[in-house]
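Welcome! Take a look at the sequence and the model first, and then read on.

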Amino acid sequence: MSHNGKLAVLIILFLACIVAITAVYVMNPEDPREISINENISQMRSFAVRDDNTGTYTEGTIFVIGTGDSTKVRIVAKLYIGPEDFGGVTFSSVKEMDPVSAICSYRDDQSNQYISAYRHIDEFGTVQVARGDEATGGGTGFIDMMFEPRSSFESKNVKTLEFIISTGSRIWPNGTEEWGSTYERITIDL
């Protein structure tokens, strides 16, 4: 076989190898680049809570991911905080769930100046945006947070999850301040 013939065979073999490797890589179901879409979502609940006193509102979706002890809850919401509102928006788990992460774009601020999260001893976890002793001046943003079980659902025979989403604030005539003056309680059967 001539030198040109050997070179042609090598080029064909090289191209065949490239095609085979690409086909294996693209068709591999174990590919780490595979995109997960709505994987393991067992339930979804939409919500919209508006405080007429301050104009503060939030609307979004609660995603229940997985079942049993592997259950996680992801809440994604749009926020608008009224300029005079010192109560902001609060997301609380009433039973057995604690916040484990939160990403928030309120007022395009990457710090944690306007967001806080708590795990309370008395069985509820909370994420708050723009809540404090004074109003933040208002603004908009989005929040994405994840809640996970505090302990085994199965050992405690947990059958429902409850979340309270509250907005707004007011000062009563006697001077008493109220945070979360408008709220929605959401119960999710497991």
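Please keep in mind that this is a predicted model.

**The cavity**

- How many cavities of 30 Å³ or more are there? The count comes to one.
- The volume of the largest cavity is about 40 Å³.
- To find the largest cavity, look for its lining residues: Cys104, Ser105, Tyr106, Asp109, Ser111, Tyr114 and Ile115.
- Sorted by class, this lining has four nonpolar residues, two polar residues and one charged residue.

**Salt bridges in the whole structure**

- Searching the whole structure turns up six salt bridges. Three of them are described below, including the one between Arg170 and Asp51.

**Arg170 and Asp51**

- Arg170 and Asp51 form a salt bridge through their side chains, with an N to O distance of 3.9 Å.
- This pair links distant parts of the chain, 119 residues apart: Arg170 belongs to strand β9 (residues 160–171), while Asp51 sits in the loop between β1 (41–50) and β2 (57–65).
- Is each partner buried or exposed, or something in between? Arg170 is partly exposed, at a relative accessible area of 25%, whereas Asp51 is buried, at 0%.

**Glu59 and Lys78**

- A salt bridge also joins Glu59 and Lys78, whose closest N and O atoms are 3.3 Å apart.

**Glu162 and Arg185**

- The side chains of Glu162 and Arg185 come together in a salt bridge, at 2.8 Å from N to O.
- Which strands does this pair link? Glu162 lies in strand β9 and Arg185 in strand β10 (residues 177–189), distant parts of the chain that are 23 residues apart.
- Glu162 has a relative accessibility of 13% and therefore counts as buried, the cut-off being under 20%. Arg185 is partly exposed, with a relative accessible area of 46%.

**Where strand β9 comes in**

- Strand β9 is a handy landmark when you view the model. Arg170 in β9 pairs with Asp51 in the loop between β1 and β2, and Glu162 in β9 pairs with Arg185 in β10.

Terms used: Residues are numbered from 1 along each chain as its sequence is written. This is a predicted model: local features need pLDDT of at least 70, side-chain atom pairs count only at pLDDT 80 or more; totals for chains, interfaces and linings use all residues. Side-chain values use heavy atoms; hydrogens and water are left out. On a 1 Å grid over the protein atoms alone, a cavity is a set of points where a 1.4 Å probe fits but cannot get out, and a pocket is an open set with protein on both sides within 12 Å along at least five of seven lines; lining residues have an atom within 4 Å of a point. Grid points are joined across faces, edges and corners, and a volume is the space filled by probe spheres set on the points. Ala, Val, Leu, Ile, Met, Phe, Trp, Tyr, Cys and Pro count as nonpolar, Asp, Glu, Lys and Arg as charged, and the others, Gly among them, as polar. A salt bridge is a side-chain nitrogen of Lys or Arg within 4 Å of a carboxyl oxygen of Asp or Glu. Helices (H or I, at least four residues) and strands (E, at least two) are DSSP runs, numbered from the N terminus. Buried means under 20% relative accessible area, exposed over 50%, partly exposed in between (1.4 Å probe, protein chains only).
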